[in-house]
Amino acid sequence: MPEVSKMKKPDVKVVILGDTSVGKTSLLHRYTERKFRDTISTVGGAFYLKQWGPYNISIWDTAGREQFHGLGSMYCRGAAAIILTYDVTNWQSLAEIEERFLSLTDTANNDCIYAIVGNKADLTDPQAQLTVATDGLTDDQGEGGEQRMKLQVPPACPTPPASPASPSSLLKQVGHDEATALYGRILRYKGLDEKSSLPADRMCFETSAKTGYNVDALFETLFDLVLPSILRKRNENQWSPTVDLEDYREANGKRRGCC
Amino acid sequence: MSVKAFELVPAVERDLLMGDKARINVECLECCGKHLYVGTNDCFVHHFLLEEVPSPKGRIAYVAQKLQQKYLGLKKPVAELRAASALERLIVLCDGVLFLVDMATLETVPSATGSGGARIKGVTSFCMNGNPVNADPFCVEIAVISSRRRTVQVYTVFEDRVQLVKEVTTTEQPSVVSLDGYFLCLALASQYMILNYTTGASQDLFPYNSEERRPIVKRIGREEFLLAAPGGLGMFANAEGVSQRAPVNWSERVIGAAVCFPYVVALDQDFISIHSMLDQQLKQSLAFRDGHILQDFEGKVVLASTKAVYILVPLPLEQQIQDLLCGDRVEEALVLTEGAQPNIPRDRFQILHRRILQQAGFIQFGQLQFQEAQEYFRKGELDARELISLYPLLLPPTSSFTRCHPPLHPFADLNHLAQGDPGKVLRCKRFLISYLGTVRGTEASRVCREEVDTALLKLYAEQDHESLLDLLASDNTCLLADSAPWLEKHSKYFALGLLYRCNGQDSAALQLWIRVVDGELQDSTRPDLYEYIVDILTFCPDLDLVWRYSDWALKRDPKVGVQIFTKRSAGKDQSGQPKPDDVITYLEKHSHARLFYLEHLVLERRVQKEKFHSLLAVLYLEQVLSLLGGSRPPAPDQLSHARDRLQALLRESNLYRVQLLLDKMEGCDQLLLEQATLHGKLEDHGKALDILVHQLRDYGSAEAYCLWASSSSTSSSRQHLLHLLLDLYLDGGAGERAGDLEMAAVDLLNRHGDQFDAVRVLSVLPEGWSLQLLKPFLGRAVRASVHAGRTSRLALGLSRAENLQLLHDRLKERRKPILVSEKRGCHLCHNTFSCPDVVCLPGAVPVHTHCIAHRLSDSAPNTHADSAPDKHSTQNSNHT
Ligand SMILES: Nc1nc2c(ncn2[C@@H]2O[C@H](COP(=O)(O)OP(=O)(O)O)[C@@H](O)[C@H]2O)c(=O)[nH]1
Ligand SMILES: [Mg+2]
């Protein structure tokens with residue numbers, strides 16, 4: 001369905017950062033299209049406008065290219081929430097967050113919210129292998145279909161408890177506690193007090209773009225958390241510079257005087 | 001595939017500019033209204049009048065007329081040209097010098113004396129403020145990049161002079177500048193930045209190597225810029241340095257860019273690429289050799305190669321949208337439509353938008369994407385008839401509907417769409433059912449209620465859909481003339497009947513249904529159709545109809561059929577209900593039904609009318625007689641059942657004509673019990689008991705008779721009856737029956753000892769009876785007598801006491817004077833007394849004599865009426 005909101009100026013910005021191939025584009029795609037595709041290339045910045053209540057939230061995906069060209073901090077400027085993504089089967093991807101991406105977030109809003117997301121949880125966690133039924137749509141699951149286990153899904157919780165040792169969990173390179181530790185270091189980097197900030201276990205997610213596991217929970221938790229930021233921004237910018245292109249006629253008229 | 005959003009139209013051909021002089025190139029452009037100025041590398045400015053002429057096929061063409069050309073005398077290329085139309089000046093940059101030229105004559109404007117003059121030296125580039133901060137319309141603001149190191153200056157330009165407003169320095173050498181309000185957007189050597197020239201606040205945007213690639217800084221609207229970014233991206237940034245729109249993906253070597261909403265147009269050396277700002281997708285790409293300049297002037301995008309000028313004409317939005325729809329690119333078409341909303345007048349937008357949504361719906365429909373189709377139809381407020389008309393025969397021939405023109409879809413009809421695939425046809429039909437179900441009753445479908453309901457009815461009938469009956473049972477506007485043949489075709493006779501009824505044609509409905517019940521027509525919708533018809537007749541207010549069709553119903557099943565009359569409202573308001581007499585006459589032919597009806601009147605509704613009671617009794621009797629007189633002996637329970645009914649009626653009713661029945665039973669000694677009852681009704685108890693005792697010899701019945709016949713009267717009449725019976729027993733005569741009768745007498749006495757007059761009994765009892773035999777009787781009799789004696793004494797005592805009390809009161813009252821005056825009122829009529837003649841009530845209450853007389857004469861019959869009526873006497877009075 002085309003969204004009327006595509007024409008509207010967003011009220012708030014959410015940016016997804018992370019190493020190449022951790023599944024940033026897949027996460028956004030899963031959330032917006034309720035689907036998983038094996039290969040989607042990120043052209044330019046993938047961008048999606050989400051209507052959340054009366055607000056428009058723009059979600060920005062980034063590709064390695066922009067980060068390489070130094071556009072990352074431009075993307076993050078004015079962001080109200082940043083999703084730092086790693087791949088649970090790849091320890092290096094977690095390290096990259098701290099080494100390469102954290103500095104890009106310097107341009108984000110002061111009250112920016114950070115979420116740490118370990119994607120591809122389906123590869124390590126039996127719970128995350130269950131396809132989340134979304135709006136009755138069928139998922140094109142790819143080859144993953146056979147792996148599905150007949151487990152009772154507990155209601156999606158932001159942080160799945162580490163599963164007992166199972167053959168698949170051997171792949172897991174990043175534990176949940178490492179993510180929460182990183183979250184703590186990020187708060188310190190930002191000079192934020194741990195007590196007055198959002199708690200780590202609320203802001204560290206493990207997701208699977210492939211099965212949809214925890215994906216809605218991730219985005220919706222963030223959207224709810226950025227609402228105060230929207231309200232603040234609206235109040236600040238009563239005469240804000242965020243004016244639509246519709247104004248171009250008027251502006252031209254002024255420029256030309258009485259032509 | 002892409003959209004055709006723009007068309008490249010030549011504006012000024014090579015001949016008009018440089019002819020065949022190979023070394024002369026276009027350097028810069030300015031377009032102001034119809035005036036086009038072109039600066040060339042040989043220091044000329046060419047002035048054209050550009051006329052838009054419609055060409056065949058609705059396209060636009062441009063005809064350029066050269067007004068003038070002027071050599072500026074500097075031998076260097078004209079680097080930049082900008083028009084300040086309010087000042088009638090062109091601002092020209094040539095050879096590092098910025099100066100003013102008259103727009104009409106192209107003469108250089110001499111500097112005004114005294115002031116700073118009308119030229120600025122050492123300029124590498126400049127721009128105009130798209131959002132001026134100065135309110136004076138007769139000046140313009142410009143920003144200038146100075147060839148002095150790292151300096152940007154802001155000037156105000158007047159008709160004949162320029163005035164420096166501000167000078168700012170930058171960290172690196174700027175190469176391109178754009179100005180909006182106080183915000184300078186600059187391309188520096190290694191990055192872009194935004195700089196507020198009044199506050200000095202700056203914001204770095206992102207790195208960009210300006211030496212490697214040409215930077216682009218394009219103001220696209222208030223405080224928003226489009227920038228060429230590394231990696232071939234077109235990035236947006238606002239004055240705060242925030243990117244609010246997603247970037248577009250250009251090629252690496254973009255020379256110029258502009259926004260022509262909703263598109264971003266970019267030029268590189270070989271192509272014009274057009275991206276949508278709405279979804280960031282590349283929509284069109286046009287080959288353009290030697291591309292050199294791309295600029296937009298008041299929404300008009302002008303391009304130049306080195307030798308000629310072109311205009312990029314946007315195709316009408318509607319055409320673009322239609323192109324997209326032709327390619328089934330529904331979402332893009334909608335995004336484009338909705339994106340253009342701010343640029344289209346409101347009502348026109350609504351019409352356009354609705355139409356696009358409808359078309360989109362039909363595209364999805366054609367692909368059998370019903371869910372999506374329905375959503376589009378709903379949003380587009382589709383006239384449901386557009387959809388119905390796709391299905392052959394669903395629209396009533398009387399409908400005035402014609403399909404929208406131009407058509408919303410390419411389909412002739414459903415068969416065309418489904419290409420003969422019956423599965424598809426079926427799915428489409430199911431969709432229409434659900435679709436019409438949802439639009440039915442909405443405001444939007446009000447104009448076509450009849451068509452919607454009729455189409456639904458036809459589909460339901462054809463698909464054997466359960467909702468057919470719901471539709472007809474609810475308030476509907478199905479067209480009878482069009483629907484009836486359809487329902488007949490599908491053997492939906494029950495439904496057709498309902499439709500007749502909806503149209504007030506109850507008679508037609510009944511006729512049709514009767515044919516179904518009679519098996520003439522086949523429709524198994526309602527196996528209980530017969531009962532259904534009876535029900536309808538039962539509650540039908542139209543008596544004509546009731547008389548007309550009840551006959552059939554009664555013939556089919558009298559017991560059920562008679563409900564037409566028995567189940568009718570028995571409420572107070574019997575107007576509009578058939579009169580029982582008429583019903584009975586009507587039922588003459590249907591004896592069973594008549595009996596049921598009479599039973600209903602007499603036994604259920606307890607109608608107190610002699611005629612009905614007598615008739616029912618006679619009918620019961622006839623039934624019994626016919627059973628008795630039948631050739632074969634009747635089944636015993638059948639007979640006893642018939643007699644029970646008869647007996648019960650004879651006993652309980654007081655209204656039937658007793659003599660009539662007695663006459664009918666004359667000589668029938670099988671019905672002695674009944675005869676006894678009848679005699680009883682005539683108060684001929686001797687005869688009745690005689691029959692019971694002597695003919696029937698049924699002593700139990702005789703005793704029961706006594707109790708029954710006296711059940712509602714005083715004990716003395718019961719005593720009388722019991723004595724009558726006792727006497728019968730005692731003068732039973734001789735023979736072996738005498739013993740029997742004596743035993744019956746003893747039993748009677750012993751059972752009802754307290755009811756007899758003991759003295760009388762003792763006087764008639766035979767001497768020889770033993771005391772032992774009569775012990776229970778005597779015991780009871782004595783106890784009853786003692787009880788009666790004591791009760792009387794008690795009553796006597798109480799009466800005496802009362803009498804004494806009254807005497808005492810009277811004496812007391814006598815001694816008191818009773819005051820009567822004209823001011824006192826009578827207690828009965830409340831009028832005053834006018835004469836001393838008064839009566840005094842107990843308690844010394846004076847009243848008028850006439851008042852008390854009145855009161856007494858009034859209450860006398862009342863007290864009489866209040867006392868319990870003597871049942872016996874009323875019974876008798878009714879027997880004639
Ligand atoms: N098993 C699994 N694979 C994933 C998941 N998310 C992404 N992938 C795969 O990882 C690869 C990179 O994904 P992509 O979204 O392009 O990553 P990006 O570079 O961060 O945008 C693709 O091959 C995806 O199919 C996931 O949740 N589970
Ligand atoms: Mg990606």
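A: A salt bridge here is a side-chain nitrogen of Lys or Arg within 4 Å of a carboxyl oxygen of Asp or Glu. Side chains of opposite charge can pair when their charged atoms come close. The model is predicted, and by this rule it has 39 salt bridges over all chains.

Take one in chain B to begin with. The side chains of Arg526(B) and Asp528(B) meet in a salt bridge, with 3.0 Å from N to O. Arg526(B) has a relative accessibility of 28%, so it counts as partly exposed. Asp528(B), with a relative accessible area of 30%, is partly exposed as well.

Another pair is Lys4(B) and Glu7(B), whose closest N and O atoms are 3.5 Å apart. Here the cut-off matters: buried means under 20% relative accessible area, and exposed means over 50%. Glu7(B) is at 13% relative accessibility and therefore counts as buried. Lys4(B) is at 35%, so this residue counts as partly exposed.

Glu51(B) lies in strand S4 (residues 44-54) of chain B, while Lys34(B) lies in the loop between strand S2 (26-32) and strand S3 (35-40) of chain B, so the pair ties together parts that are 17 residues apart in sequence. Glu51(B) counts as partly exposed at 31% relative accessibility. Lys34(B) counts as partly exposed at 45%.

In chain A, salt bridges also link up into a network, which joins Asp19(A), Glu96(A) and Arg100(A).

Charged residues also occur around ligand 1. Its shell has 6 charged residues, along with 8 polar and 5 nonpolar ones. Of the 19 residues around the ligand, those that come nearest are Lys24(A), Thr25(A), Ser26(A), Asp122(A) and Ala209(A). Helix H1 (residues 24-33) of chain A gives the most to this shell, with 3 residues. An N or O atom in the side chain of Ser26(A) is 2.6 Å from an oxygen atom of ligand 1, and a backbone N or O atom of Gly23(A) lies 3.0 Å from an oxygen atom of the ligand. The protein covers 85% of the 580 Å² of accessible area that ligand 1 has on its own.

Definitions and conventions:
Residues numbered from 1 in each chain as written. Chains lettered and ligands numbered in written order. Predicted model: local features only at pLDDT ≥ 70, side-chain atom pairs only at ≥ 80, totals over all residues. Heavy atoms only, no water. Near = heavy atom within 4 Å. Polar contact = N/O pair within 3.5 Å; in protein donor to acceptor, adjacent residues only side chain to side chain. Areas by Shrake-Rupley, 256 points an atom, 1.4 Å probe, with all protein chains shown as cover. Helix = DSSP H or I, 4+ residues; strand = E, 2+ residues; numbered from the N terminus. Nonpolar A, V, L, I, M, F, W, Y, C, P; charged D, E, K, R; others polar. Buried < 20%, exposed > 50% of the residue type's maximum accessible area, 1.4 Å probe, protein only.
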